[in-house]
Amino acid sequence: MAASSEWHCEKRPLSKNESFARENENVPETGCLSIIVLGASGDLAKKKTFPALYNLYRQGFLQTNEVHIFGYARTNISDDELRDRLRGYLPQGTGDAESVSSFLQLIKYVSGAYDAPEGFQALDNAIYEHEISKNSTEGSSRRLFYLALPPSVYPQVCKMIKNYSMNRSDLGGWTRIVVEKPFGRDLASAEELSSQIGELFEEPQIYRIDHYLGKELVQNLLVLRFANRFFLPLWNRDNIANIQIVFREDFGTEGRGGYFDQYGIIRDIIQNHLLQVLCLVAMEKPVSLKPEHIRDEKVKVLRSVVPIQDEEVVLGQYDGYKDDPTVPDISNTPTFATMILRIHNERWEGVPFILKAGKALNSRKAEIRVQFKSVPGDIFKCEKQGRNEFVIRLQPSEAMYMKLTVKKPGLEMSTVQSELDLSYRQRYQGLVIPEAYERLILDTIKGDQQHFVRRDELKAAWEIFTPILHRIDKGEYKSLPYKPGSRGPAEADELLERAGYVQTHGYIWIPPTL
């Protein structure tokens, strides 16, 4: 596999962003870059992939004379029809019109089936024409295929790419494949999918994208843990009572019930997004920041997780979920789950990792909540107010804050819960936090796999959850009903209490205003 390279075809002065990209990429210059979005007419492409590409273009990471973008799908439309469909998903503010129009002119559309050679041969011809127009030496260009498609068609699409649309790599070029979750439904299907794709492409060519790994606060986890002296001695079972990783939505399936019912909240959120966050929270310090060293440590964490116990799982389904005509009346699919994972190693023995995700709840947020043990010999008698907690708010209102006990202002010696707060909106005024997909697509172009899921990592993750998922599918685990707009089933709060989580009373974190 050739090293990753600049997306640069014609000699010209480098912009500030390009210079930054080159310094961080540290690889030789080579041929032109073609980005191919398969499933170009679908929701994922329109709402996430193309807007991310546009933002990279607007920031100078993709230049008009360096890159061309190809859309491929079964829908029989023209280039301009695709551009018109995409225009509404791109920024429409003052000064954006010219930039949007310039970006859309980079897009060419090719229609064809996902299992037909003719379509991929036409796609290859279109890409080749672009490469020739940029005077790229054959075999030196780069082709990035983004599969914004259902996983069921990944094998046949990858086979078509391999047979008809590959770039030759002997002259420094490359072909890379980005695949979206879900990566299978269980261990067996994930391994089958990995084997089918693995027969066609080498592991360094495959980028399994989990957009949570591109979020700004998730990216900050390694810096927080390993670049700050005061965290190093505290981050272990001697000081931490429990860790919660939470994903909450205040809306239901919103017309996607039929799709969601095939997977459920564990497959949709916990097995991938929350488990990836757990790995970064729990892993040991890697030897270096090289992608493989970081991914090695994540795999070690996953292999240290012990089987999930029945009494440490609560499943729920909100009232009204089955009113969706696309959802079976007998569906047991959970829309809510709280479960405890335990890591059998020296650092984390005895510390419950509480993973909690649900739809139609009373709030929308994603956060990591590290709760520390109570102060021994508490002379202020303030334990009932709550424990110290370090909270990382992933979304919305990105922030990090430390909950701590302080003296209440006044003449009396009384205590109150307060916080040390780093709210990004206040601290970094005027700074736009990039979307996760922007960062991950740029990483793919640069050949940096740090924030992508490796095959053995995927296998270890499915080994944790497959037993419980099979039992849910068989109806051996029942989903408890809960009211939309609630905290979920009351049994979930009881599970947290049994796990040792101490609820804070009389304190609510409010994001500071500017």
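**A colleague's note on the fold**

1. Gln450 sits in the loop between helix 14 (436-446) and strand 15 (452-453). Helices (H or I, at least four residues) and strands (E, at least two) are DSSP runs, numbered from the N terminus. Is Gln450 buried or exposed? With a relative accessible area of 15%, Gln450 is buried; that word means under 20% relative accessible area, with exposed over 50% and partly exposed in between (1.4 Å probe, protein chains only). The side chain of Gln450 also makes a polar contact with the side chain of His451 (3.1 Å). A polar contact is a pair of N or O atoms within 3.5 Å; within protein, one must be able to donate a hydrogen and the other to accept it, and residues adjacent in sequence count only if both atoms are side-chain atoms.

2. A word on what you are looking at. This is a predicted model, in which local features need pLDDT of at least 70 and side-chain atom pairs count only at pLDDT 80 or more, while totals for chains, interfaces and linings use all residues. Residues are numbered from 1 along each chain as its sequence is written, and side-chain values use heavy atoms, leaving out hydrogens and water.

3. An open sheet is built from 9 strands in the order 14-13-12-11-7-10-9-8-16, with mixed pairing; two strands pair if DSSP finds at least two bridges between them. At the edges are strand 14 (415-423) and strand 16 (480-482), each pairing on one side only. From one strand to the next, the twist averages 20 degrees. Axes here are lines fitted to C-alpha atoms, for helices over the stretch in contact, and angles run from 0 to 180 degrees between N-to-C directions.

4. Within that sheet, strand 8 (residues 313-318) and strand 9 (residues 336-342) are antiparallel and share 4 bridges. Val313 stands opposite Met339 in strand 9. Which elements does helix 15 touch? Helix 15 (residues 455-473) packs on the sheet against strand 8, strand 9 and strand 10 (352-358), and its direction makes about 145 degrees with that of strand 9. Helix 16 (residues 490-498) packs on the sheet too, touching strand 7 (240-248), strand 8, strand 9, strand 10 and strand 16, at about 15 degrees to the direction of strand 9.

5. The largest nonpolar core has 145 residues, and Leu147, Leu341 and Phe465 touch the most other members. A nonpolar core is a set of buried Ala, Val, Leu, Ile, Met, Phe, Trp, Tyr and Cys residues joined through side-chain atoms within 4.5 Å. Helix 11 (residues 264-282) gives this core its largest share, 12 residues. Leaving aside neighbours within four places in sequence, the contacts of Phe465 include Ile266, Ile270, Leu275, Met339 and Leu341. A second, separate core of 5 residues includes Val391, Ala399, Tyr401 and Tyr507.

6. Helix 6 (residues 154-165) has these buried residues: Tyr154, Val157, Cys158, Met160, Ile161 and Ser165. Why do they lie on the same side of helix 6? They do so because they cover an arc of only 160 degrees around the axis, the arc being that of the directions from the helix axis to the C-beta atoms. Their cover includes strand 1 (33-38), helix 5 (117-133), strand 4 (142-147), strand 5 (174-180) and helix 7 (187-198).

7. Strand 4 and strand 5 run parallel, joined by 6 bridges, and Phe145 has Ile177 as its bridge partner in strand 5. Strand 5 also pairs in the parallel sense with strand 6 (residues 206-209) over 4 bridges; there, Glu180 stands opposite Ile209.

8. Finally, some backbone details to check. Lys181 and Pro182 are joined by a cis peptide bond, with omega about 0 degrees, and Pro182 lies in the loop between strand 5 and helix 7. Another cis peptide bond joins Gln395 and Pro396, with omega about -20 degrees. Ser397, in the loop between strand 12 and strand 13, has a positive phi of about 50 degrees although it is not a glycine. Ala360 has a positive phi of about 55 degrees and is not a glycine either; at 7% relative accessibility, Ala360 counts as buried.

Methods: Contact = heavy atoms within 4.5 Å.
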